[in-house]
Amino acid sequence: MSPVLKVSALTAAIGRVPVLHGVNLEVRAGETVALLGRNGVGKTSTLRAILGLLPRRAEAVTFNGTDLRRIAPHRLSSLGIGYVPQGRGIFPLLTVEENLYLGLRGLPDPALVNEIYGRFPRLAERRTQAAGTLSGGEQQILALGRCLMRRPSLILLDEPTEGIMPKLVADIRREIAAIAARGVSVLLIEQNLRTALNLAGRIYLMEKGVVVHEATPEQLKSDPSTIHRYLGVAL
């Protein structure tokens, strides 16, 4: 099966400082893939370089065969690529509903709005509330909902459970699993190892700007030395 997303020999720098040194990865249709590593190894930079938000060079960055190196970042959502950045990227002075509608071309689809509110009742309850008054977990749910308003077939998620209370972590984990179950491909950065192991079908480990290991969750669970070496944690 051809990958939905294919990245080959991706390099990037922040200013004059190289941060990626030849990243290779792929995500297949309906697959959830996690990209894990210690802080500062280049995970977020990988997502930003894929999206063209960092200057990059690569042998290939393709989405369903389309060369993303030739596509401006603001056009990627129209191809079916969604992005939920680290820190959520919501607009605190706008209402929940205004945040959901940001970036849409034309009027929102009422059926889709009802679907989003049905899946995220907290957003429906707070639709006229300023987004900045929501809890961190509710803001993350809003960021997910806003991404889904564009009907993506691939979502890039950067630390979706960071700094969120455990109850809402479970809600977000269930929603990501439900998104994947509907056939949406997901590339996930996640510091919570158990969340990554529960959600992903394959896992890439990064170190110093390069993907250094690929495994299934089952393989990593049976190989605690690799987890400790690249992540510095015990399972």
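Trainee: Is Ile 164 buried or exposed at its relative accessibility?
Mentor: This is a predicted model in which local features need pLDDT of at least 70 and side-chain atom pairs count only at pLDDT 80 or more, while totals for chains, interfaces and linings use all residues. Residues are numbered from 1 along each chain as its sequence is written, and side-chain values use heavy atoms, with hydrogens and water left out. Buried means under 20% relative accessible area, exposed over 50%, and partly exposed in between, with a 1.4 Å probe and protein chains only. Because the relative accessibility of Ile 164 is 11%, this residue counts as buried.

Trainee: Which residues does Ile 164 touch, not counting residues up to four places away in sequence?
Mentor: Ile 164 sits in the loop between strand S8 (154-158) and H7, where helices (H or I, at least four residues) and strands (E, at least two) are DSSP runs numbered from the N terminus. With contact taken as heavy atoms within 4.5 Å, and with residues up to four places away in sequence not counted, Ile 164 touches Arg 88, Gly 136, Gly 137, Gln 140, Val 169 and Ile 172.

Trainee: How many residues of S8 are buried?
Mentor: Leu 154, Leu 156 and Asp 158 point one way from S8, whereas Ile 155 and Leu 157 point the other way, and all are buried. S8 is therefore largely enclosed by the rest of the structure, the number of its residues that are buried being five of the five.

Trainee: Which strand pairs with S8 over five bridges?
Mentor: Two strands pair if DSSP finds at least two bridges between them. S7 (residues 81-84) pairs with S8 in the parallel sense over four bridges, and Leu 157 in S8 is the bridge partner of Val 84. Over five bridges, also in the parallel sense, the partner of S8 is S9 (residues 185-189).

Trainee: Is Asn 99 buried or exposed?
Mentor: Asn 99 lies in helix H3 (residues 96-101), and, leaving aside residues up to four places away in sequence, it touches Ile 90, Phe 91, Leu 94, Ala 131, Leu 142 and Arg 146. Because its relative accessible area is 0%, Asn 99 is buried.
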